[in-house]
Amino acid sequence: MPIRHAATTGALATEAVPMSDEPEVLQIVKRIGAFKTRDHFVGVSGLHFDSYMVKDILFARPTEASRVGELLALRNLDLDIEVVAGPATGGILLAQWTAFHLSRLKGQEVYAVFTEKASDKGQILGRGYGDIVAGRKMLVLEDSVRTGGTVKKVLAAITACGGEVTAVSAMFNVSPGKVTDATFGVPFRPLAEISVISYHVDDCPMCKQGIPVNVLFAHGKAFVESRSK
Ligand SMILES: [Zn+2]
């Protein structure tokens, strides 16, 4: 089925308009070639996948990135949100665009901040952002949620600074039924749910078939380098 083009003219639409049964966010990443299938990827967790959402392709395209932020803003427009936060690096751009559209749609300033990896592998709110977060109602964003591990670290960093998390939202929940509201203790609102099967390296069918690991995207380069040592 051909994928119809959504509004990408730069005009600011004010409603989510599904162009087909497929969620618009999925149509967007497919159209720009950011959702790659039938390949061989290694994720940050070390697990192997045949499909991968390459967020960097999306974030190089401001029109599409803006529309995704707008979809996230519309999805969460019913909530009282004063600050949007996401983990670096993908969360920086998602939080910025979503806060921009929330500000526009609500007619009030909504701030955008981001967390960063800490030396203990948690997430921290640096750059004076703790002061922005303190006492404010927060929306936490992530691009793709697989286990929710990173989001939980963001939640911990925000709570430590006195922020009040209202909801977690994401472009994709790639573990439908596994990652839920209960995972985060607040409502979890992904724009789309997609099932991506992950494999441990020892029983990865792509490895068994000798399909080369994609070293351009995800964490395949580090995986291949570690194997050649
Ligand atoms: Zn593999």
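1. Two residues are taken to be in contact if their C-beta atoms, placed from the backbone, lie within 7 Å. On that basis, residues 24 or more positions apart account for 65% of the contacts with a separation of 6 or more in the protein chain.

2. The model is predicted: local features need pLDDT of at least 70 and side-chain atom pairs count only at pLDDT 80 or more, whereas totals for chains, interfaces and linings use all residues. Residues are numbered from 1 along each chain as its sequence is written.

3. The protein chain has nine helices and 11 strands; these are DSSP runs numbered from the N terminus, with helices being H or I of at least four residues and strands E of at least two. The C-alpha trace spans about 55 × 45 × 30 Å along its principal axes.

4. Six strands form an open sheet of mixed pairing in the order 7-6-5-8-9-10, where strands pair if DSSP finds at least two bridges between them. Strand 7 (123–124) and strand 10 are the edge strands, each pairing on one side only. Strand 5 (residues 83–87) and strand 8 (residues 137–145) are parallel and share three bridges, and Val84 stands opposite Leu139 in strand 8.

5. Helix 4 (residues 90–106) packs on this sheet, touching strand 5, strand 6 (111–117) and strand 8, and its direction makes about 165° with that of strand 5. Helix 6 (residues 149–160) lies across strands including strand 7 and strand 9 (164–173), and runs at about 160° to strand 8. Axes are lines fitted to C-alpha atoms, for helices over the stretch in contact, and angles run from 0 to 180 degrees between N-to-C directions.

6. Of the 229 residues, 40% count as buried; a residue is buried if 20 or more other C-beta atoms (placed from the backbone) lie within 10 Å of its own, exposed if 12 or fewer, and partly exposed in between. The largest nonpolar core has 57 residues, and Val84, Ala85, Ala95, Val113, Val140 and Ile158 touch the most other members. Such a core is a set of buried Ala, Val, Leu, Ile, Met, Phe, Trp, Tyr and Cys residues joined through C-beta atoms within 7 Å. Leaving aside residues up to four places away in sequence, Val113 touches residues including Ala85, Ala95, Leu125 and Tyr129.

7. An antiparallel open sheet of three strands has the order 2-3-11. Its edge strands are strand 2 (41–42) and strand 11 (198–199). Two bridges join strand 2 to strand 3 (residues 48–49), and Phe41 has Phe49 as its bridge partner.

8. Most residues other than glycine have a negative phi, and most peptide bonds are trans. A cis peptide bond joins Ala88 and Thr89, with omega about 0°; Thr89 is in the loop between strand 5 and helix 4. Lys121, in the loop between strand 6 and strand 7, has a positive phi near 75° and counts as exposed because it has 7 C-beta neighbours inside 10 Å. Ala218 has a positive phi near 60° but counts as buried, with 22 such neighbours.
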